[in-house]
Amino acid sequence: MDTKENSIKVSDKIKETFRDSVGTMDEAGTRKWVFPRKPKGKYTNYRECVGYSLIFLFVIMPFLKISGNPVLLINIIDRKFFILGQPFYLQDFFILALGAVASVIFVMLFTVVFGRIFCGWICPQTLFMEMIFRKIEYWIEGDRNKQMKLNKQAWDEEKIRKRALKWSVFLLISLLISHIMFMYIVGYEETFRIILSGPAKYPTNFIVMLVFTGIFYFVFAWFREQVCTLVCPYGRLQGVLIDKHTVNVYYDFKRGEGRAKWRNGENRSAVGKGDCIDCQQCVVVCPTGIDIRNGQQLECINCTVCIDACDEVMEKVGMPKGLIRYATEAEIENQEKFKFTARMKATTVALFVLIGVLCGLMYDRGSVEAKFIRPAGSAYFVRDGKITNTFTYTILNKSNEKKMMTIKVLYPKHSEITFAGKEGIIVKGDAIIKGNVNISFPENEVKLSKQNIEIGVFDADGEMLDSYKTYFEGPFKFQF
């Protein structure tokens with residue numbers, strides 16, 4: 001049997017093993033609690049740097065402002081949206097929708113190329129679980145063996161003390177996360193004001209905060225890795241997106257099989273043994289409880305702890321590192337180098353086109369948006385040889401600066417504008433103003449019963465900020 005046929009049989013055997021195993025469930029379908037060993041190594045250090053940086057950014061971002069606006073605010077209740085300090089309104093919903101589409105395509109491209117690296121390095125669920133809650137668990141209960149021992153022992157003084165301390169700290173952190181999340185909705189000033197006012201004045205907000213605290217506590221204290229394996233749709237999506245050319249955390253079965261325990265002084269290649277010494281260290285560190293040697297699996301979040309664990313063992317026994325590494329399936333099976341496939345190129349082109357359109361829309365969005373609508377049921381009137389229509393205007397100032405504005409009719413000419421109130425229009429920054437304006441034309445200028453006109457809004461320097469096309473109503477005329 002040649003090497004290629006042997007490797008195919010080994011690969012099939014691994015896939016068959018994978019179909020009969022689920023990392024967090026036993027044969028009876030009951031959940032197996034995962035007690036991962038505390039990881040250490042190069043990739044773990046990198047992930048901690050990335051993770052703690054993102055958590056720090058999550059905590060401080062509600063307090064940061066650009067030009068007086070929040071860096072990020074998603075206030076669905078009051079319909080206020082700020083992204084990178086730029087205000088967005090319901091009128092800009094199509095821009096936000098296009099941005100969401102671009103984000104989805106970016107995630108697709110990222111997954112096609114790099115698999116679930118987002119899950120292991122950036123996902124908030126993984127960051128909070130592994131960088132905060134798991135660390136606290138190690139600090140209070142100890143590493144894997146101590147946690148397993150504590151779990152099996154009776155509810156004595158030690159177990160009650162450690163579990164009560166752990167659950168109390170988990171609850172406090174869940175409460176803190178809920179408050180920070182609330183800041184992204186209403187802002188930190190409003191959040192502090194609600195806290196200081198107390199639950200009696202804001203019972204609804206208090207109940208919402210308790211509900212979200214309970215959800216966070218439930219997820220991180222009990223549900224844990226099942227969010228990734230059962231709930232998260234991204235985990236299902238990756239099965240459609242990845243292929244043999246996607247970079248993932250892979251076990252090199254060609255080099256590792258057949259696995260066998262380590263014996264000092266033994267020539268493993270001479271007796272037909274692979275480099276895998278079956279130490280199970282890649283299994284005991286896995287936060288989702290899988291065996292990476294069983295092939296690519298839904299539960300794998302590409303967290304790289306198995307790489308660090310395996311490299312540590314390989315270094316101790318004097319064999320090359322990289323038995324488990326970032327690679328593509330084609331690289332493992334056929335020794336093919338990574339290449340940018342046609343699917344990756346097509347997705348990249350689509351992504352850049354969308355980003356270009358999005359940037360164009362953002363640039364052309366303007367700082368002012370105006371509308372002129374004829375009130376329902378209103379009619380024109382004729383006086384002193386002029387036909388007059390009343391319009392209700394709505395002017396939205398998207399900037400942070402107060403603006404003095406004037407209204408002019410761009411087409412047709414010879415118009416006259418009178419205001420039902422003050423003639424000067426002053427709009428504060430990030431504000432909307434409404435009012436009525438009368439527009440008149442000489443009778444001989446109105447040729448149709450419904451004539452198209454265009455109205456412009458200008459700043460104090462005479463620069464047009466926005467224009468709006470509507471119609472002007474006049475008497476019906478027969479055309480011969």
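Reader: Which domains does the domain assignment of the protein give?
Author: In this predicted model, the assignment gives domain 1, covering 243–334, and domain 2, covering 368–473.

Reader: And how many Å apart are the C-alpha centres of domain 1 and domain 2?
Author: The C-alpha centres of the two domains lie 72 Å apart.

Reader: Switching topic, which residues does UniProt list for "transmembrane region"?
Author: The UniProt entry, which is unreviewed, lists residues 49–73, 93–119, 167–186, 206–223 and 346–363 under that heading. Taking two of these spans in the model, residues 206–223 are 100% helix and 0% strand, with the end C-alpha atoms 24 Å apart, while residues 346–363 are also 100% helix and 0% strand, with the end C-alpha atoms 26 Å apart.

Reader: At what angle do helix 5 and helix 6 pack?
Author: Helix 5 (residues 124–141) and helix 6 (residues 144–152) pack at an angle of about 70°, and their axes are 9 Å apart. Angles of 65 to 115 degrees count as roughly perpendicular, so helix 5 is roughly perpendicular to helix 6.

Reader: Which residues meet there?
Author: From helix 5, Glu137, Tyr138 and Glu141 meet Lys146, Gln147 and Leu150 of helix 6. By class, this contact of helix 5 with helix 6 has two nonpolar, one polar and three charged residues.

Reader: What about the sheet, in which order do the three strands come?
Author: The three strands form an open sheet in the order 3-4-5, with antiparallel pairing. Strand 3 (72–75) and strand 5 (86–88) are the edge strands, each pairing on one side only.

Reader: How many bridges join strand 4 to strand 5?
Author: Three bridges join strand 4 (residues 80–83) to strand 5, and phenylalanine 82 has proline 87 in strand 5 as its bridge partner.

Key
Residues are numbered from 1 along each chain as its sequence is written. This is a predicted model: local features need pLDDT of at least 70, side-chain atom pairs count only at pLDDT 80 or more; totals for chains, interfaces and linings use all residues. Side-chain values use heavy atoms; hydrogens and water are left out. UniProt positions are given in the numbering used here, feature names are shortened, and annotations may be inferred rather than shown by experiment. Helices (H or I, at least four residues) and strands (E, at least two) are DSSP runs, numbered from the N terminus. Domain bounds come from an automatic or database domain assignment. Axes are lines fitted to C-alpha atoms, for helices over the stretch in contact, and angles run from 0 to 180 degrees between N-to-C directions. Angles under 35 degrees count as roughly parallel, over 145 as roughly antiparallel, 65 to 115 as roughly perpendicular and the rest as oblique. Contact means heavy atoms within 4.5 Å. Ala, Val, Leu, Ile, Met, Phe, Trp, Tyr, Cys and Pro count as nonpolar, Asp, Glu, Lys and Arg as charged, and the others, Gly among them, as polar. Two strands pair if DSSP finds at least two bridges between them.
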